Amino acid sequence: MATTFSTHLKSINPATLEVLAEVPMTQKAAVLEALEASRIAFKKWSSLPLWLRLSKIEKFSQLLLDKKDEIANLISRESGKPILESYLAELSGPLDTCDWLSKKAQKLLANKRLHLNNPLLFGKTHYLQFEPVGVVGIISPWNYPFSIPVMTILMALAAGNTVILKPSEKTPLVGLKIAELFQQAGFSENVVTVISGDGEIGKELSALPLDRLIFTGSVATGEKVLNTVAPNITPVSLELGGKDAAIVLADAPVERTARAIVWGAFTNAGQACASIERLYLVRGKNSDALLNRIIELTSQLKVGNPLLETTDVGPLIDVQQFDRIVEQVEQADSAGAEILCGGENLAHLGSALKEKGLTGYYYQPTVLTNVNHNMKIMQEESFGPVLPVMVVDSVDEAIKLANDSIYGLSASIWSKNLSQAEKIAGRLEVGTVFINDSLYSHAATDLPWGGIKKSGIGRSHSYFGLLDLVNVKNINVDSALWFSRLWWYPYHSAKLKVICSGFELLYGKKISNKMGAFLDFIANLFRSK
Ligand code: NDP
């Protein structure tokens, strides 16, 4: 039987299930063509002076401001994100990245002189030159379909690279919008290429000899990507999933902590890599009050139309995501968890949402307790509006449980006692620790983003992210042309004595040995040529 391949991606509004558009898929053969065209564009783009590249990034920034309503509206329609989050979480990071680059890139990418420790290397100059790597592939998820790829594209472009982006098949229109914006900002053809497609097209891109691949997505796909890039030894950064823990100490102020945790758990309907997905509440006189306030605030969240300014929580992206939450909550429920609020599929209940045409994948924000680490909801990434809570007897127990995870993206600690919180931060196995807040640092360009354990490899954003996008070339200049170096031929015993006495002089800790070494060094130095 002949296999039929779909040629178009359907962009679906997850709130209404309306088909927004059908986007033609890039054909497999065209992915290689995109790489070849990008390599040609790279030659010109990388040869432009940095100030000229930055001036185009400034134009892009202005365009983002001019078109912010159009961009935010599209993101909310295609991803189901509340409109306020489409402005704040999707646009602030890219705008900050443009500003950060225009203020800092000149200094960060300028040659850096190094002063070496070893005096035997006198007469040499050493410096680092930061060169673009070439064509950077970016494969991005649907949950922050604009900010995640755009922040990295901007960094890559400033460093002189060209980019090929493969956005998620679930948000293809946002992907096309990104291409359109770079084109409108005056970037030449093929400096930023967007290919539309599904996972197969992502695989096709990863299999090419890219100069770097930045992948953001799930652990399962990240593992596949590692295998795909292996034959070309393509340098790869993996920004993968999380199961982020919040540890609330007994002294945490009730109202502020409850508000912040409810936001950290339910922003973007919990579909953020660093959402709070596990809450460990250290038993104390306030713990009941805090839990009650969390339940109260969660029950008050306005679930609804993402385009309304007052909506707090939108739908899940699709039926797979929805089914995963239903399964985790049902499994926890049948294993003895207590559902304190939520736990229901709003659309299936024929609620008021349905009457408004909101027939999409709505799930009521849910808080559970009596959970344990044998349950999927405490082990697997949920990526949905659920917050499981464990009340524990001590800080040590909370830390042990927080670290009992294959993930290590971020964690948060909530307390008035900042010095105790900072000590706990040192004991958590994650890439980022928040004290009295969560999540927000993804949008702060200065701060590195990335995880340990199965949450990934490498860091994006910040100076460290910029370094991942350049070849750090070490240039060594010997200006002592009158001088023959010790390590050159011929080898002989006087040279060996200079080497050994030199070791003693440079690295020896015993003063008594140093005098002999000095005499040996001088005696053999002129014989060692
Ligand atoms: P997926 O892993 O399903 O997909 C991520 C991207 O990879 C998509 O563009 C996808 O395309 C593409 N893809 C799928 N299969 C392959 C393949 N074999 N080779 C190459 N690319 C492929 O993740 P989601 O899109 O569902 O995103 C959610 C996940 O991303 C969560 O686990 C979340 O924690 C993580 N994430 C991590 C972040 C971080 O910074 N650490 C930030 C945001 C999300 P398509 O969608 O078309 O199938």
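Trainee: From which domains does the shell around the ligand draw at least three residues each?
Mentor: In this predicted model, domain 1 (21–240 + 463–473) and domain 2 (244–443) each supply at least three residues to the shell around the ligand.

Trainee: How many residues surround the ligand, and which are the closest?
Mentor: The ligand is surrounded by 32 residues. The closest are Ser140, Ser218, Thr221, Leu240 and Glu381.

Trainee: How do the residues of that shell divide into nonpolar, polar and charged?
Mentor: The shell around the ligand holds 12 nonpolar residues, 13 polar ones and seven charged ones.

Trainee: Turning to atoms, what lies 2.7 Å from an oxygen atom of the ligand?
Mentor: That is a backbone N or O atom of Ser140. The backbone also takes part at Lys203, where an N or O atom lies 3.4 Å from a nitrogen atom of the ligand.

Trainee: And which part of Trp449 lies 2.9 Å from an oxygen atom of the ligand?
Mentor: For Trp449, it is a polar side-chain atom.

Trainee: How much of the ligand's accessible area does the protein cover?
Mentor: On its own the ligand has 900 Å² of accessible area, and the protein covers 91% of that. The space that the ligand takes is the largest pocket.

Trainee: Which elements give two or more residues to the shell?
Mentor: They are helix 7 (199–206), strand 8 (212–216) and helix 8 (219–229). Helix 7 gives the most, with four residues.

Key:
Residues are numbered from 1 along each chain as its sequence is written. This is a predicted model: local features need pLDDT of at least 70, side-chain atom pairs count only at pLDDT 80 or more; totals for chains, interfaces and linings use all residues. Side-chain values use heavy atoms; hydrogens and water are left out. A residue is near a molecule or strand if one of its heavy atoms lies within 4 Å of it. A polar contact is a pair of N or O atoms within 3.5 Å; within protein, one must be able to donate a hydrogen and the other to accept it, and residues adjacent in sequence count only if both atoms are side-chain atoms. Accessible areas come from the Shrake-Rupley method with a 1.4 Å probe; for residues, only the protein chains shown count as cover. On a 1 Å grid over the protein atoms alone, a cavity is a set of points where a 1.4 Å probe fits but cannot get out, and a pocket is an open set with protein on both sides within 12 Å along at least five of seven lines; lining residues have an atom within 4 Å of a point. A molecule sits in a cavity or pocket if more than half of its atoms lie within 2 Å of its grid points. Ala, Val, Leu, Ile, Met, Phe, Trp, Tyr, Cys and Pro count as nonpolar, Asp, Glu, Lys and Arg as charged, and the others, Gly among them, as polar. Domain bounds come from an automatic or database domain assignment.
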